[in-house]
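Welcome! Have a look at it first, and then we can walk through it topic by topic.

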Amino acid sequence: MKKKLLYLMQILLESTDEAHVMSAADICKALEAYGIYAERKSIYTDIEALCDWGMDIVQVKGRHSGYYVGSRDFELPELKLLVDAVQSSKFITTRKSEELIKKLESLTSKHEARLLQRQVFIYNRPKTGNETIFYNVDYIHTAILENVQIQFQYTEWTEKKKLRVKKGGAFYQVSPWALTWSDENYYLIAYDAEKEAIRYYRVDKMKNVSLLSEHRLGKTMFQNFDLAAFAKKTFSMYGGRDEEVVLVCKNAIAGVFLDRYGTDIMLIPVDEEHFKVKVLVAVSPQFFGWVTGLGDMIEIAGPENVVEEYRNYLKNILKSYSCPY
């Protein structure tokens, strides 16, 4: 019976592994749950047929004899690695992470799947709320494959934790050439013909993406393009000791914090133009340089030791400009 063979394969895949074997009697009982009644002798024949088909079924002899599925498409350590990648990816929403991990669990036995479920609850990272990122990535890949331009609207965070479209909702039109991963985010690297320059865009901030009929432009600029060098120059990485700092910022840069720390972060209003936020940062010259780059948009309000370190950082910079060469 063909249906019996399919159910037998499902039972072995779902219920067996090296630590959990099933005897012929166990398999007969499991088949009864699907309304299929079989004799033990027929199970041996069916298992032999599955082995001939290419399924790796290992027979265990001795006191606890039985069968289990040996090699699979993915081994448990490989699945753990994939689960870790999914759950730590900021650009994948929490709901989509759970869906993907559930699908990964189906690639092993229900017993080993529990080890993957334990992994799910170890993360506490800000996740994007943009479910359309998967479609955006698909559109971009398709556009690159078909050598056409795309258009989209681009968004930014407001101090109210809302995403609003930039340029009054006007569409951006670019030629996509690459996708890259940096600082836990997906970026599109594209050629902007209007500005005659290479531009990058956060994929999770793109909306209403569509393909255009026009062929891509900017090919000559990407012939010797070094994506690794571009990413290193464009997307900064920080290092230093971790410490909670209090920052007072202008509302205009609320998106900087919502992007990095997620929308659960507390933006406490100070007045009509400023908010206060407490965040964990890597206190380092790179962090101080980032603060300096934002100018009067941001102020370190505490703790005092970090404020003093920043004062010294600025004094040292000014000192280097006190004597002309």
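A residue is called buried when its relative accessible area is under 20%, exposed when that area is over 50%, and partly exposed in between. Glutamate 99, at 29% relative accessibility, therefore counts as partly exposed. Please keep in mind that this is a predicted model.

**Salt bridges**

- Side chains of opposite charge can pair when their charged atoms come close.
- Searching the whole structure turns up 13 salt bridges.
- One of them joins lysine 4 to aspartate 46, with 2.8 Å between the closest N and O atoms. Lysine 4 belongs to helix H1 (residues 2-15) and aspartate 46 to helix H3 (residues 40-53), so this pair ties together parts that are 42 residues apart in sequence. Both lysine 4 and aspartate 46 are buried.
- Glutamate 99, the partly exposed residue from the opening, meets lysine 96 in a salt bridge of 3.2 Å, N to O. The two sit about one helical turn apart, because they are three residues apart in helix H5 (residues 94-105).
- Lysine 205 and aspartate 259 also meet through their side chains, in a salt bridge of 2.5 Å, N to O. Lysine 205 is found in the loop between strand E7 (197-202) and strand E8 (206-215), while aspartate 259 is in helix H10 (residues 254-261), so the pair ties together parts that are 54 residues apart in sequence.
- Are lysine 205 and aspartate 259 buried or exposed? Lysine 205 has a relative accessible area of 12% and is therefore buried. Aspartate 259 has a relative accessible area of 15%, so aspartate 259 is buried too.
- Lys205 and Asp259 are also part of a network of salt bridges that links them with Arg202 and Asp204.

- Phe74, Leu82 and Leu107 make a nonpolar surface patch of about 210 Å².
- Leucine 107 is located in the loop between H5 and helix H6 (110-120). Its relative accessibility is 34%, so leucine 107 counts as partly exposed.

**The four-stranded sheet**

- What is the order of the four strands in the open sheet? The order is E10-E11-E9-E12, with antiparallel pairing.
- The edges are taken by strand E10 (268-269) and strand E12 (298-302), each with a single partner strand, so one side of each has no neighbour in the sheet.
- E10 runs antiparallel to strand E11 (residues 274-283), and two bridges join them. Here proline 269 has phenylalanine 275 in E11 as its bridge partner.
- Helix H11 (residues 285-293) lies across E9, E11 and E12, and runs at about 130° to E12.

**The hairpin**

- Strand E1 (residues 57-60) pairs with strand E2 (residues 66-69) in the antiparallel sense, over four bridges.
- Valine 60 stands opposite glycine 66 in E2.
- How many residues lie between E1 and E2 in the hairpin? There are five, and glycine 62 in the turn has a positive phi of about 120°.

Key
Residues numbered from 1 in each chain as written. Predicted model: local features only at pLDDT ≥ 70, side-chain atom pairs only at ≥ 80, totals over all residues. Heavy atoms only, no water. Salt bridge = Lys/Arg side-chain N within 4 Å of Asp/Glu carboxyl O. Buried < 20%, exposed > 50% of the residue type's maximum accessible area, 1.4 Å probe, protein only. Patch = residues over 30% accessible without salt bridge, like charges linked within 9 Å, V, L, I, M, F, W, Y side chains within 5 Å. Areas by Shrake-Rupley, 256 points an atom, 1.4 Å probe, with all protein chains shown as cover. Pairing = 2+ DSSP bridges. Contact = heavy atoms within 4.5 Å. Axes fitted to C-alpha atoms, helices over the stretch in contact; angles between N-to-C directions.
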